[in-house]
Amino acid sequence: MMDKSIRRIVIVGGGTAGWMTAAPLAQRLARHPTQACDVILVESPEIGTIGVGEATLPTIRFYNNALGLDGADFVKKTQASFKLGIEFKDWGHVGNRFFHAFGDFGPPLAGSAAHMHWLRLAQEFTGMPAMENWSMPSVMARHGKFVPPNEETPGMTDAYSYGFHFDAGLYANYLRDYALRHGAQRIEGMIVDVERHPESGFVTAVKLRDGRRIEGDLFVDCSGFRGLLIEGALQAGYEDWSDYLPCNSAQAVPCAGVPELTPFTRSTAREAGWLWRIPLQHRTGNGHVYSNAFTTDDKARQVLLDALDGEALDEPRQLRFVTGRRRKSWVKNVVAIGLSAGFVEPLESTSINLIETAVGKLLELFPDRDCSPALADEFNRIMGMRYESVRDFIILHYKLTARDDSEFWRYCRNMAIPDSLRHQIELFRETGRVAIIDRGGFAEPSFVAMMMGLGVVPKRYDPLADRVDIRVVHGHFAELRDMIAQAVARMPSHRAYVAAQAAAA
Ligand code: FAD
């Protein structure tokens, strides 16, 4: 039988997406004894990278673990800190604060989710403390503590999870070294042309400005917003979601490190968008995401600079984007991964997670040189669903606000939303239940934390919760709260834990 296996993969772009793609492909494919496959990455320092993706979801650990990265070494080399979730300030209304944790609100009781019992207690007794008092990661975050699950919390392994904050440039370098060590090749040069087969339309080579041609069987487009191959050559099309998510601009600036090394990202809503604060070991990452239809770049810059809690280390960097996704991210023998495939603002740190998912799916659905359209359809189906569920979850943050203090927030309150999200909000408002549309996306506790944090109090709760004796429910909540308090008291501070990891490397 004719050997149709892919022998040359060309990755276009060396930003976070390019190196996150190159590392596992090199690990799995480059040095196979009989079926070795060249993994070639082309990047142009002249163009540079976006380089601002610094906060992640817990799934980054599965990605790192699959590469066999040493945890302590990674923390040291990327100046990482640990992330238990996101603190939201001023989102529901000015003065509102809540935590979206990587974890739940305790185990179910008699088959009903913890938040259903909490709702029952809250209906019967006034002055119930906020539900996040029963969330282990929220309590840890409030006290600035960190330890991975199961070290100080035996029996509560599933109670929480964690991701990282890291320096995006250092992470890309870390993965680049890994990929090169595992057999990937790096070519520096500016791509000026894309060659395609006259009949099949498959991409056959990219041409560099100095005349070099880089041939390949499979091309991964990690060229960033420009989508050099997927859009430039193959015109996959772009679905624009700006009506749902009006932010289209960002400014980013690092500032000097501050004493408060929080184990969480902070997101503060402002008049025409929101600010992020991401603490790293050597500095703090800050940014302002906003809509330039509702404010000016100059005003946005000032809002950002005024909010810094350390000296700015640079001039703010201006970025512009169009929220949405490529209609198809796999077309013929080109697979788009990263910003070339789409972008939803970084409110829940989902971009790197979408890169992990795309790389994982590419390996799961790895083609031969024919690149069966059925594989592309399956990849596009899964990625399409994932991008849409992320989109809906982010829209929810804006739609449920009670803020009406600026034109921007009035627009968000009144804007039309996708039917899928309207259903999710209605179901929760009426019954406290969560409709999970994408099982690979955010889970029930995330929806509960966001909706209740933003002020939605369900009218009803699970009627089966009433079958449990109310004294048992009280006992359960009291016991859980004590257990969390005792466990958190024993934990080291986040700063101490980070220092110990960096020293152990
Ligand atoms: P880029 O970084 O743009 O890289 C593109 C690469 O393509 C570069 O190497 C460039 O040299 C190369 N290239 C392009 N054209 C050519 C050419 N003609 N010839 C040769 N090479 C070429 N994600 C998160 O998960 N968490 C966050 O907290 C987060 N925050 C963000 C904040 C903002 C404001 C923005 C805009 C994004 C954020 N993201 C975040 C997203 C994250 O930054 C990106 O997903 C990630 O950096 C991947 O980018 P990329 O590699 O796709 O593109």
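Predicted model: local features only at pLDDT ≥ 70, side-chain atom pairs only at ≥ 80, totals over all residues.
**Entry 1: helix 1**
I began with helix 1, which covers residues 16–30. I checked its span: the 15 residues reach 20 Å from first C-alpha to last, close to the 21 Å expected at 1.5 Å a residue. Next I looked at burial. Twelve of the 15 residues are buried, so helix 1 is largely enclosed by the rest of the structure. Among the buried ones I noted Trp-19, Met-20, Leu-25 and Leu-29.

**Entry 2: around the ligand**
I found 39 residues around the ligand, and Gly-13, Gly-15, Gly-53, Gly-224 and Gly-338 come nearest. Helix 1, strand 2, strand 13 (249–256) and helix 9 each give two or more residues to this shell. Helix 1 turned up again here, giving the most with three residues. I sorted the shell by residue class and got 18 nonpolar, 18 polar and three charged. Domain 1 (8–79 + 166–240 + 324–389) and domain 3 (249–320) each supply at least three residues to the shell.

**Entry 3: strand 14 and its partners**
I followed strand 14 (residues 265–270) to strand 4 (residues 85–89): the two run parallel and are joined by four bridges. In this pair, Glu-87 has Arg-266 as its bridge partner. Strand 14 also runs antiparallel to strand 15 (residues 273–279), with five bridges joining them. Strands 14 and 15 form a hairpin, with two residues between them.

Key: Residues numbered from 1 in each chain as written. Pairing = 2+ DSSP bridges. Expected span 1.5 Å × (residues − 1). Buried ≥ 20, exposed ≤ 12 C-beta atoms within 10 Å, placed from the backbone. Near = placed C-beta within 6 Å. Nonpolar A, V, L, I, M, F, W, Y, C, P; charged D, E, K, R; others polar. Domains from an automatic or database assignment.
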